[in-house]
Amino acid sequence: MASPTEIRHHIAAVEQTKKITGAMEMVSSTRMKRVMSHIEQNHRYFDHVQKTMKEILVTAQGVSHPYLKDVPAGGHCTYIIISGDKGLCGSYNSNVLNLALRHIEEHPNHSILTIGNTAEDFFNARSMVPDVTYLGIAQDPALTRARMLVRDVMALYDSGKTDEVRLVYTSFYGATKNRPVERRLLPIRLDDYSDIADAETLADIMYHPTPQELFDLLIPQYILGILFGVMVQAYASEHFARMNAMHSATTNAQDMLKSLRTKYNLARQSAITNEIAEITGAAEILRKGDR
């Protein structure tokens, strides 16, 4: 059995760890409360943007536009992968990064754009150096940062350097349904919207001034809405995962402290018993020596 001094040092270390995990849980909980006040509106906006695009695609069949073209077989694909800037959030980072890796390995002609330090470290460790890394976005998914990303993505696609842009992120639905998702961002294809509620049947639409100019104006706004939406969902998923992970760690620390204090009391009682036995033995030896 460890000595009372060793157990006391162990208790102090666990108490310090418990303070840290408790503080991190509180920080994540505060951030979750802040983002939850916007997440419902984000979901409604996200769903509305997709439904609107489906309505347009249904009525725009037959319209030719670079953003609506087919993806050539074996064409170049750009993956945008959203992870956290740090760990201590359970399986959040590993789940989304392993999903991204599986898709990338199936698509040898690709580029990698990472958002979040852990994504950059993950691919660097596998000798798959990201082509572009965006830092600071994962912890602050603001519209200004989303616009910067849209500008780069549009420039990449418009220049013909990539035939397809895909997103890999964690979708946030609450306590039980968070899951990593892989979806196409560009080009926009009607068959990607099969899980979106059927659009209302619209009458013939007159495009003014032309379908080309309409989509040139509409697509950047659509991409901005989708990118900002997935960034907010990834942010909420990360802090939800970290809050749960830190809560579990704090609970485990409490259980460990209870066990360590029991061991400490037993060790202390054992030490006292040994001391009493040694004193009694010494007294008995002295008493026999006096005879």
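## Ground rules

Helices (H or I, at least four residues) and strands (E, at least two) are DSSP runs, numbered from the N terminus. The model is predicted: local features need pLDDT of at least 70, side-chain atom pairs count only at pLDDT 80 or more, and totals for chains, interfaces and linings use all residues. Residues are numbered from 1 along each chain as its sequence is written, and side-chain values use heavy atoms, with hydrogens and water left out.

## Helix 4

Helix 4 covers residues 143-158, which is 16 residues. From its first C-alpha to its last it reaches 22 Å. That is close to the 22 Å expected at 1.5 Å a residue, where the expected span is 1.5 Å times one less than the number of residues.

Which residues of helix 4 are buried? They are A146, L149, V150, V153, M154 and Y157. Buried means under 20% relative accessible area, exposed means over 50%, and partly exposed lies in between (1.4 Å probe, protein chains only). Seen down the axis of helix 4, the buried residues fall within an arc of 135°, so they line one face. The arc is that of the directions from the helix axis to the C-beta atoms. An α-helix has 3.6 residues a turn, so residues three or four places apart point the same way. The face turned away from the buried side carries the exposed residues T144 and R151. After helix 4 comes G160, with a positive phi near 80°.

Five strands form an open sheet with mixed pairing, in the order 3-2-1-4-5. Two strands pair if DSSP finds at least two bridges between them. Strand 3 (132-134) and strand 5 (179-186) are the edge strands, and each pairs on one side only. On average, neighbouring strands are turned by 20° against each other, direction ignored. Axes here are lines fitted to C-alpha atoms, for helices over the stretch in contact, and angles run from 0 to 180 degrees between N-to-C directions.

Strand 1 (residues 77-82) runs parallel to strand 4 (residues 164-171), and five bridges join them. Strand 1 also runs parallel to strand 2, with six bridges. T78 shows both pairings: its bridge partner in strand 4 is V165, and in strand 2 it stands opposite S111. Helix 2 (residues 92-105) packs on the sheet, touching strand 1, strand 2 (110-115), strand 4 and strand 5. Contact means heavy atoms within 4.5 Å. The direction of helix 2 makes about 175° with that of strand 1. Strand 2 is mostly covered, with five of its six residues buried.

## Two nonpolar cores

A nonpolar core is a set of buried Ala, Val, Leu, Ile, Met, Phe, Trp, Tyr and Cys residues joined through side-chain atoms within 4.5 Å. The largest one has 42 residues. Which of them touch the most other members? They are L186, I188, I219 and I223. Helix 1 (4-59), strand 1, strand 2, helix 4, strand 4, strand 5 and helix 5 (211-290) each give two or more residues to this core. Helix 5 gives the most, with 11 residues.

I223 touches V150, M154, L185 and L186, not counting residues up to four places away in sequence. A second, separate core has 15 residues, including Y79, A100, I104 and V168.

Q233 lies in helix 5. Is Q233 buried or exposed? Q233 is buried, with a relative accessible area of 1%. Not counting residues up to four places away in sequence, Q233 touches N42, H43, F46, Y169, T170, S171 and F172.

V58 lies in helix 1. At 37% relative accessibility, V58 counts as partly exposed. V58 and L190 are 132 residues apart in sequence, yet 7.3 Å apart in space, C-alpha to C-alpha.

## Backbone exceptions

Most residues other than glycine have a negative phi, and most peptide bonds are trans. The peptide bond from L186 to P187 is cis, with omega near -10°. P187 is found in the loop between strand 5 and helix 5.

L88 has a positive phi, near 60°. L88 sits in the loop between strand 1 and helix 2 and is exposed, with a relative accessible area of 56%. S127 also has a positive phi, near 60°. S127 lies in the loop between helix 3 (117-125) and strand 3, and is exposed at 68% relative accessible area.
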